[in-house]
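Hello,

Here is the structure I promised to pass on to you. Have a look at it first, and then read on for what turned up in it.

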Amino acid sequence: MFRSALKPSHTAALAALATAATLFAPASHAAPAAPPVYVHMNGANMFLENVVAVRPGQKVVFVDEDTGPHTIIGYNPLTGKTSTRFNGAVQGTPGPGHPVSTYTISFPKTGLQFYYCSVHAELVKEPGGRTVPKKRPTVHGFGDPMAGLIIVTTDRRLLAENPPTSREKILPNYFGG
Ligand SMILES: [Cu+2]
């Protein structure tokens with residue numbers, strides 16, 4: 001009884017598998033989805049990997065391993081306009097073993113996506129007309145403003161130049177304050 005009771009469901013499972021195999025067979029020819037590219041915020045009020053390249057649709061994940069909060073806001077250096085879509089915020093973390101706050105975005109088309117952190121940098125229009133991020137005078141850190149660039153491209157050479165840290169979500173050595 002037990003065995004015969006199992007049989008129909010077993011048969012159904014096999015049929016489902018066969019159907020799934022048929023359905024998904026063409027997908028095996030497609031390239032596997034690229035893993036996310038990670039950009040880390042550390043204790044230096046910087047985006048550690050401040051230039052990365054991704055394919056259209058590939059995820060960029062901003063990871064705050066700092067103790068303080070940051071924002072990630074897209075802007076157009078030609079017009080000075082900030083983006084309403086590319087506009088994220090992340091919270092700080094007490095340190096290793098605690099959860100990290102992340103912000104994920106992807107871009108459907110190729111192009112250049114400039115961004116900055118409005119907590120630690122500000123956008124300034126230069127005399128030539130170009131808008132650039134500058135370090136806020138009160139912010140500790142290096143001379144460079146907290147800003148970065150995402151190159152959305154299908155160029156394999158550019159995609160291969162991402163720093164090794166951009167492949168790991170958590171970097172053990174970059175918790176800061
Ligand atoms: Cu910041």
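In which loop is threonine 93 found? Threonine 93 sits in the loop between strand 5 (82-90) and strand 6. Helices and strands here are DSSP runs, numbered from the N terminus, with at least four residues (H or I) for a helix and at least two (E) for a strand.

Before more detail, a word on the source. This is a predicted model, in which local features need pLDDT of at least 70 and side-chain atom pairs count only at pLDDT 80 or more, while totals for chains, interfaces and linings use all residues. Residues are numbered from 1 along each chain as its sequence is written, and side-chain values use heavy atoms, with hydrogens and water left out.

Back to threonine 93. At 2% relative accessibility this residue counts as buried (buried means under 20% relative accessible area, exposed over 50% and partly exposed in between, with a 1.4 Å probe and protein chains only). Its side chain reaches the backbone oxygen of proline 99 at 3.0 Å. That is a polar contact, a pair of N or O atoms within 3.5 Å; within protein, one must be able to donate a hydrogen and the other to accept it, and residues adjacent in sequence count only if both atoms are side-chain atoms. Leaving aside residues up to four places away in sequence, threonine 93 touches several others, including Asp64, His98 and Phe175 (contact means heavy atoms within 4.5 Å).

Now for the overall picture. The protein has two helices and 10 strands, and from the N terminus on the elements run α-β-β-β-β-β-β-β-β-β-β-α. Of its 177 residues, 34% are buried.

Strand 1 pairs with strand 3 in the parallel sense over five bridges, and tyrosine 38 stands opposite valine 61 in strand 3. Strand 3 (residues 60-64) and strand 6 run antiparallel, joined by five bridges, with phenylalanine 62 opposite tyrosine 103. Both faces of strand 1 are covered: Val37, Val39 and Met41 are buried on one side, Tyr38 and His40 on the other.

Elsewhere, strand 4 (residues 70-75) and strand 5 pair in the antiparallel sense over five bridges. Threonine 71 has alanine 89 in strand 5 as its bridge partner. Their hairpin has six residues between the strands, and glycine 80 there takes a positive phi near 80 degrees.

Finally, the metal. The copper ion is coordinated by His70 (ND1), Cys117 (SG), His120 (ND1) and Met146 (SD), at 2.0 to 2.5 Å. Donors are N, O and S atoms within 2.8 Å of the metal (3.2 Å for Na, K and Ca), and water is not among the atoms, so sites may look incomplete. The angles among the four donor atoms are 95 to 127 degrees, and the site is tetrahedral (four donors count as such if all angles lie between 85 and 135 degrees). Cysteine 117 lies in the loop between strand 7 (111-116) and strand 8 (121-125), and methionine 146 in the loop between strand 9 (131-135) and strand 10 (147-152), so the pair ties together parts that are 29 residues apart in sequence. Both cysteine 117 and methionine 146 are buried.

Enjoy exploring!

Definitions and conventions: Tetrahedral: all angles 85-135°; square planar, octahedral: opposite > 155°, others 65-115°. Pairing = 2+ DSSP bridges.
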